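Here is a short tour of one protein model for you to follow with the structure open beside the text.

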Amino acid sequence: PTLAAFKSKRQYTTERLKRMGLDPAVPGGGFFCWVPVSPLGVTGRAFAERLLREHRVLVGPGMAFGPSGAEYVRVSFAVEDGRLREGLNRLE
């Protein structure tokens with residue numbers, strides 16, 4: 001049941017992000033999607049800081065994982081369903 005639940009959350013998260021015009025990398029495993037934000041004209045750090053400050057949504061700036069992640073944020077779907085929906089609604 002747990003594997004099926006995470007598979008469903010992964011699919012839901014990636015589909016929602018795509019409908020927002022973002023291009024998430026669909027993870028083969030794990031609980032995170034890498035989302036490029038440079039097409040929005042910002043760095044991952046700037047995007048994450050503004051999202052937290054203005055909408056109270058926490059995503060990880062990709063730079064925390066090395067210089068190649070500077071243009072990305074990491075979105076976790078390892079949360080309760082209601083929190084995931086609310087976070088994606090605020091992100092949208």
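In this predicted model, strand β3, made of residues 72-76, pairs with β2 in the antiparallel sense over two bridges. One spot to look for is Pro61, which stands opposite Val73 in β3. If pairing is new to you, strands of a sheet pair through backbone hydrogen bonds, either parallel or antiparallel.

Now widen the view to the whole sheet. It is an open sheet of three strands in the order β1-β3-β2, and the pairing is antiparallel. The edges are taken by β1 (32-36) and β2 (60-61), each of which has a single partner strand, so one side of each is left without a neighbour in the sheet.

What else does the chain contain? The protein chain has three helices and three strands. Read from the N terminus on, its elements follow the pattern α-β-α-β-β-α. The radius of gyration is 13 Å, close to the 12 Å that the globule rule gives for 92 residues, so the chain is as compact as a globular protein of that length. Its C-alpha atoms fill a box of roughly 40 × 25 × 20 Å along the principal axes.

Contacts tell you how the chain folds back on itself. Among contacts between residues at least 6 apart in sequence, 56% join residues at least 24 apart.

Next comes the surface. The protein chain exposes about 5900 Å², and carbon and sulfur atoms supply 54% of this area. Of the 92 residues, 32% count as buried. As for charge, there are 14 positive and 9 negative side chains, and the centres of the two sets lie 3 Å apart.

| Residue | Relative accessible area | Class |
|---|---|---|
| Lys9 | 14% | buried |
| Thr14 | 5% | buried |
| Arg56 | 67% | exposed |
| Leu91 | 15% | buried |

Start with Lys9, which is found in helix α1 (residues 2-19). Which residues does Lys9 touch, leaving aside its neighbours within four places in sequence? They are Phe77, Val79, Glu80, Asp81 and Leu84. Lys9 has a relative accessibility of 14%, and buried means under 20%, so Lys9 counts as buried.

Thr14 also has its place in helix α1. Setting aside neighbours within four places in sequence, Thr14 is in contact with Pro24, Val26, Pro27 and Cys33. Thr14 and Ala25 are eleven residues apart in sequence, and their C-alpha atoms are 8.0 Å apart in space.

For Leu91, turn to helix α3 (residues 81-91). Beyond its neighbours within four places in sequence, Leu91 is in contact with Leu17, Met20, Phe47, Leu51 and Val57. How far apart are the C-alpha atoms of Leu91 and Leu17, given that 74 residues separate them along the chain? The distance is 8.9 Å.

Last, find Arg56 in the loop between α2 (44-55) and β2. Is Arg56 buried or exposed? With a relative accessible area of 67%, Arg56 is exposed. The backbone has something to show here too: Arg56 has a positive phi of about 55° although it is not a glycine.

Definitions and conventions
Residues are numbered from 1 along each chain as its sequence is written. This is a predicted model: local features need pLDDT of at least 70, side-chain atom pairs count only at pLDDT 80 or more; totals for chains, interfaces and linings use all residues. Side-chain values use heavy atoms; hydrogens and water are left out. Helices (H or I, at least four residues) and strands (E, at least two) are DSSP runs, numbered from the N terminus. The radius of gyration is taken over C-alpha atoms; the globule rule is 2.2 Å times the number of residues to the power 0.38. Buried means under 20% relative accessible area, exposed over 50%, partly exposed in between (1.4 Å probe, protein chains only). Contact means heavy atoms within 4.5 Å. Accessible areas come from the Shrake-Rupley method with a 1.4 Å probe; for residues, only the protein chains shown count as cover. Lys and Arg count as positive and Asp and Glu as negative; His and the chain ends are not counted. The place of a charge is taken as NZ of Lys, CZ of Arg, CG of Asp or CD of Glu. Two strands pair if DSSP finds at least two bridges between them.
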